[in-house]
Amino acid sequence: MATAFRNTSVLDRDPKLGGGGPIDITPPKRWGGDGDGNPQYRDRRRRYRLGMMIGMAAIIMFFVSLTSAYIVRQGIGNWDSRTGQYVTDWVPTKVPGILWVNTLLLLFSSVTMEMARRRTVERALTAQQFGIDGEQRPFPWLGITTVLGIGFIAGPALAWKELASQGVFISTNPSSSFFYVLTVSHGLHLLGGVLALLYASVTTVLARPLDTKAIVVDVTALYWHFMDGLWIYIFALLLIAK
Amino acid sequence: MGLVLLVVIWLITLISTYYFAIDKWAMLPLASAHGVAMDSWFHVTYIVVGVVFLAAQIGLGWVVWKSRDRGDGRPVSYSHGNTKMEVVWTALTAVIFIGLNLAGERIWAESRFQGAAPSAIKVEVTGLQFAWYFRYPGNDGRFARTKPELEDASVGNAVGIDDEDPAAKDDFVTGTLVLPVDRETELTLRSQDVIHSLFIPAMRFKQDAVPGLMIKMHFKPTQVGEYEIACAELCGLGHYKMHGMLKVVSQPDYERWLAQKEADKLASE
Amino acid sequence: MDAPSQAAAGAHAAHAHAAPTGFIRKYVFSLDHKVIGIQYYFLALLSVLVGMGLSLLMRIHLVWPQANIPWLGHIAPETYLTLLTMHGTFMVFFVLTLAPQGGFGNYFLPIQIGAADMAFPVLNMLSFWTTFVAFCVMLAAFFVEGGAPLHGWTGYAPLSALQSSGPGEGLGADLWIISIALFCAASLMGALNFITTTLDLRAKGMTLMRMPLTVWTWFVTAMLGLLAFGVLLAAGILLLLDRNVGTSFFVPSGLVLSGNLVKHKGGSPLLWQHLFWFFGHPEVYIAILPGMGVASQLLSTFSRKPIFGYRAMVYAVLAIGILGFLVWGHHMFISGMSPYSGFAFSILTMAIGVPSAIKTFNWLGTMWGGRIRFTTPMLFAIGFVSLFVSGGLSGPFLAQPQLDIQLHDTYFVVAHFHLIMGVAAIFGIFAATYYWFPKMFGRMMNETLGKAHFFFSFVGTYAIFMPMHYLGMAGHPRRYSQLTELGYLHNLMPLQKFISIVAFITIAAQFIFLFNLLWSLFKGKKAGMNPWQATTLEWTVPSPPPHDNFGGVVPVVNHGPYEYGVPGAASDFVMQTDPAGAAGAH
């Protein structure tokens with residue numbers, strides 16, 4: 001008989017199941033763990049990573065919209081009845097030099113973020129296996145990243161100051177409008193990342209399990225690298241698509 | 001209950017179809033050239049959609065009644081579907097829908113893909129909150145410059161014509177659009193404030209007037225008469241009363257009217 | 001595993017699944033997806049009452065413009081436009097995007113896939129409360145100076161971008177944008193949750209192709225929301241800047257408004273339309289897809305037959321989702337957009353009719369040869385199919401730009417989207433309510449009242465919206481606050497009067513539903529675990545379900561979601577968790 005779905009024998013090992021694994025009569029590990037290396041942590045980590053990547057898709061669409069608005073606005077003209085022609089009013093905004101420094105800062109912070117992530121995840125796994133946190137005084141990769149992140153946010157602030165001193169504000173011309181909108185939007189999103197890092201930093205103080213800290217750092221690292229890539233994209237847009 | 005549903009669905013279907021068929025609230029009588037193809041395409045679409053509508057709703061009523069639980073414990077015809085049928089009706093639907101669309105595209109192309117003939121009468125239409133103004137270029141065939149700062153209906157210059165432009169001598173503006181029958185007209189639409197839309201139902205004509213753009217559209221009136229113009233894009237509190245009038249007159253009448261208008265313009269200089 | 005980490009794991013499990021105590025944690029700031037689902041539902045109910053009230057005032061004003069309404073006095077033309085704007089906004093955002101997805105999706109997605117809760121319960125709670133704040137901000141727009149905006153739910157610039165373009169376009173419009181921006185953020189959070197939950201929290205045996213179609217539609221709807229709401233958020237921010245800070249994204253040069261030169265220069269009103277409709281079109285699919293899922297579920301359950309062509313239904317939903325992103329320009333054929341783009345959008349729009357048709361055929365195929373039980377939920381599901389066909393078939397008219405010339409911005413469009421969204425999608429919500437009420441509240445709704453509600457609504461909404469097609473074809477423009485100025489509208493007044501009268505009756509009939517809902521909450525007949533004899537996972541747990549849904553027992557799924565009438569099975573339905581082999585070779 002024609003079936004609309006494939007024959008799914010219960011003995012199939014189906015990777016498409018969320019967290020499946022070999023079928024047997026013991027309850028699936030997700031629902032409370034049963035003594036094998038804290039699969040709670042594995043499941044939670046996978047879940048939060050997945051959530052973060054999905055969230056990134058939404059953020060990408062936000063910046064895609066701004067990009068398409070940018071490109072359209074750059075190219076369109078308004079009918080000028082005085083001259084009887086379509087006239088565009090796009091005047092490129094010079095990107096302040098400080099943003100180069102900023103970009104390097106962010107790239108470097110991605111490196112420190114990645115170091116922080118690896119260390120923290122390692123420590124969490126060690127703690128699970130041996131029951132202790134191996135590094136009593138870990139290298140403060142997290143702290144450094146946080147500081148670099150805050151430093152990065154200061155960058156555009158300085159850039160805006162420089163533009164303001166030249167008389168270029170958000171409404172001066174369309175390219176400056178986009179400059180502000182893009183840098184502010186990115187800055188706000190990055191601030192979210194900084195707040196997450198601060199939260200990770202205080203998890204120890206708040207006596208949350210190392211697992212939690214590892215997941216927060218792991219997922220924030222994903223977000224951080226994404227913010228880094230996003231910044232490079234925005235920077236390139238402002239520099240090249242003038 | 002199944003029977004009740006069948007009756008209700010069939011009644012609704014038949015009554016609606018009846019009113020569609022008798023065209024009780026008909027479109028305004030057609031008065032333009034390109035409208036002929038449009039109206040006939042309406043009919044084609046009516047028939048295709050109408051057949052599908054009748055088939056689907058009557059089918060639904062029938063199925064619902066026929067497949068009711070009669071309480072006799074008979075088994076259902078257990079099935080997860082039929083791939084062959086799926087393929088057939090998918091293909092059929094695709095062919096009908098997309099085919100209908102492709103067949104009718106020619107009509108869109110004819111009115112929109114090409115501009116007006118060079119000999120078309122040119123009128124500039126300006127929409128603003130809440131009136132339409134029509135500017136004729138006069139004998140020189142040129143529209144004079146306008147400036148936003150000169151727009152002032154209270155001094156009779158709603159469109160903002162710059163009198164320093166020599167072409168302004170023979171431009172004149174009216175509140176009524178007057179056109180000769182059987183001649184192509186090119187309208188250039190513009191707006192002074194928000195988006196408006198020039199809608200002349202009898203001409204099967206509609207086009208948004210967008211601030212910042214100069215949009216050219218053309219059509220050819222084919223019947224003498226007076227036709228109402230409505231605004232068809234929400235433009236503020238006066239949207240419902242932003243209407244104008246199109247008067248289609250014979251060629252001699254049109255020339256007489258033009259001459260009169262030119263004379264008036266010169267007299268007022 | 002040694003003591004500390006085991007304790008940690010155990011503590012975590014206990015923490016995650018322990019039921020909260022205290023009124024605030026249980027009913028206000030709850031992390032339980034069931035409570036949040038109910039909160040969304042009742043917020044949507046409140047919104048629909050607001051939206052319906054606004055439409056009542058609109059229909060009164062159209063046929064009796066000089067009428068004096070108690071408390072409100074005489075409705076001015078600009079007030080009509082405000083009513084219209086807020087009616088659309090409340091209905092599209094706060095009803096059709098909330099109830100099917102936020103309400104029922106939140107409540108039943110985890111249960112139907114065998115999970116204890118959503119992936120991110122805190123995010124879930126946050127998204128509800130953000131939505132609630134958005135609702136309050138939107139309501140506030142009515143009460144500020146100038147009142148609520150009049151620019152339509154579509155908010156076209158420059159009308160929406162210039163504060164002096166009309167009454168209500170000052171602070172009211174700013175609040176409207178802010179509310180929508182908050183709504184976008186909340187929806188994005190919700191979408192993230194739905195997608196992660198569907199991908200990651202399915203129970204053993206619940207493969208993607210065994211998920212109920214309701215889950216599929218919530219999943220695809222969430223994906224649409226994820227990719228679309230960010231665009232609206234961006235557009236809203238740019239509009240807010242144009243209005244308040246002097247940027248010119250959407251406002252071109254040389255405008256003169258009420259005699260004053262406008263300082264903006266260089267922007268594009270069409271840019272707003274592109275951004276808005278890029279969101280706006282997926283939005284309407286967000287409104288209808290869950291209703292389609294519910295229809296599939298109910299038609300199968302109450303015909304006692306499997307859904308006809310499950311796989312095709314899944315592909316159709318995916319196709320609708322993908323194509324939904326490619327057709328936005330069909331709202332803009334007359335806008336001044338390139339006619340060549342019009343051609344492209346037109347073909348894609350007709351293409352989206354194909355998966356919709358497939359679904360309709362499959363619904364008919366599901367019922368054919370079944371043994372239909374005409375319960376109230378089933379009536380609404382059948383009504384959904386009829387209304388979806390009617391609303392959908394005006395699509396081929398509007399999708400062809402050469403016909404759209406005549407029909408754009410007329411009542412024909414109003415008829416189209418009301419039949420599809422304002423009735424079919426609403427019928428989906430009603431159907432879901434009558435179906436799932438027993439599970440959510442442990443009581444049955446009254447069948448007699450339900451059937452009365454159905455017949456009044458079914459006949460009434462057809463009588464309201466079918467005639468609008470005739471109005472549109474006769475050239476009756478939409479968003480006209482008074483019908484006294486345009487000459488050719490005079491013949492259409494009797495039809496408008498008819499529509500208003502039927503609308504009053506139909507609106508009144510909705511109170512049958514409201515009464516039934518509220519009364520049954522307290523006095524309805526107690527419901528068992530599976531009053532409809534349905535197969536999906538929510539019917540394997542008590543009504544209402546315990547805090548962690550499955551009471552600590554982990555469901556294992558062995559069957560597809562619609563195994564009704566299996567030959568050789570012990571009863572006429574096989575639940576998804578029944579032992580393997582209960583459904584013969586399936």
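Trainee: Where does C:Ser500 lie?

Mentor: C:Ser500 lies in helix α17 of chain C, residues 493-523. Keep in mind that this is a predicted model.

Trainee: Is C:Ser500 buried or exposed?

Mentor: Buried. The relative accessibility of C:Ser500 is 0%, and the cut-off for buried is under 20%.

Trainee: Which residues does C:Ser500 touch, leaving out those up to four places away in sequence?

Mentor: C:Arg59 and C:Val63.

Trainee: And what lies 2.9 Å from a polar atom of the C:Ser500 side chain?

Mentor: The backbone oxygen of C:Arg59.

Trainee: Staying with α17, what comes after it in chain C?

Mentor: A segment that holds C:Pro544. A cis peptide bond links C:Ser543 to C:Pro544, with omega about -5°. C:Asn549 is in the segment after α17 too.

Trainee: Which other residue pair in chain C has a cis peptide bond?

Mentor: C:Ala157 and C:Pro158, with omega about 0°. C:Pro158 sits in the loop between α6 (121-140) and α7 (171-200) of chain C.

Trainee: What about C:Trp71, what is its phi?

Mentor: Near 75°, again a positive value in a residue other than glycine. C:Trp71 is in the loop between β1 (68-69) and β2 (73-74) of chain C.

Trainee: Is C:Trp71 buried or exposed?

Mentor: Exposed. The relative accessible area of C:Trp71 is 91%. C:Asn549, by contrast, is buried.

Trainee: New topic. How many residues are in contact between chain B and chain C?

Mentor: On the chain B side, 95, and on the chain C side, 108. The buried area between the two chains is about 8900 Å². Carbon and sulfur atoms give 71% of that area.

Trainee: Which residues of chain B lose the most area to chain C?

Mentor: B:Trp25, B:Tyr78 and B:Tyr240. Together they make up 9% of what the chain B side buries.

Trainee: How many salt bridges cross the interface of chain B and chain C?

Mentor: One by the rule. The side chains of C:Arg371 and B:Asp69 form a salt bridge, at 3.6 Å from N to O.

Trainee: And how many residue pairs are in polar contact between chain B and chain C?

Mentor: 31, with both residues at pLDDT 80 or more.

Trainee: Which element gives the most to the chain B side that touches chain C?

Mentor: α3(B), with 17 residues. Elements giving two or more residues include α1 (2-22), α2 (34-66) and β6 (196-200) of chain B.

Trainee: How do the residues on that side of chain B divide?

Mentor: On the side of chain B that touches chain C, 56 are nonpolar, 23 polar and 16 charged.

Trainee: Last topic, strand β8 of chain B. Why is it largely enclosed by the rest of the structure?

Mentor: Because four of its five residues, in the run 215-219, are buried.

Trainee: Which strand pairs with β8(B)?

Mentor: Strand β5 of chain B, residues 185-191. The two pair in the antiparallel sense over five bridges.

Trainee: Which residue in β8(B) is the bridge partner of B:Leu187?

Mentor: B:Met217.

Conventions
Residues are numbered from 1 along each chain as its sequence is written. Chains are lettered from A and ligands numbered from 1 in the order in which they are written. This is a predicted model: local features need pLDDT of at least 70, side-chain atom pairs count only at pLDDT 80 or more; totals for chains, interfaces and linings use all residues. Side-chain values use heavy atoms; hydrogens and water are left out. Contact means heavy atoms within 4.5 Å. Buried area is the accessible area (1.4 Å probe) that two parts lose on being put together, summed over both. A salt bridge is a side-chain nitrogen of Lys or Arg within 4 Å of a carboxyl oxygen of Asp or Glu. A polar contact is a pair of N or O atoms within 3.5 Å; within protein, one must be able to donate a hydrogen and the other to accept it, and residues adjacent in sequence count only if both atoms are side-chain atoms. Ala, Val, Leu, Ile, Met, Phe, Trp, Tyr, Cys and Pro count as nonpolar, Asp, Glu, Lys and Arg as charged, and the others, Gly among them, as polar. Buried means under 20% relative accessible area, exposed over 50%, partly exposed in between (1.4 Å probe, protein chains only). Two strands pair if DSSP finds at least two bridges between them.
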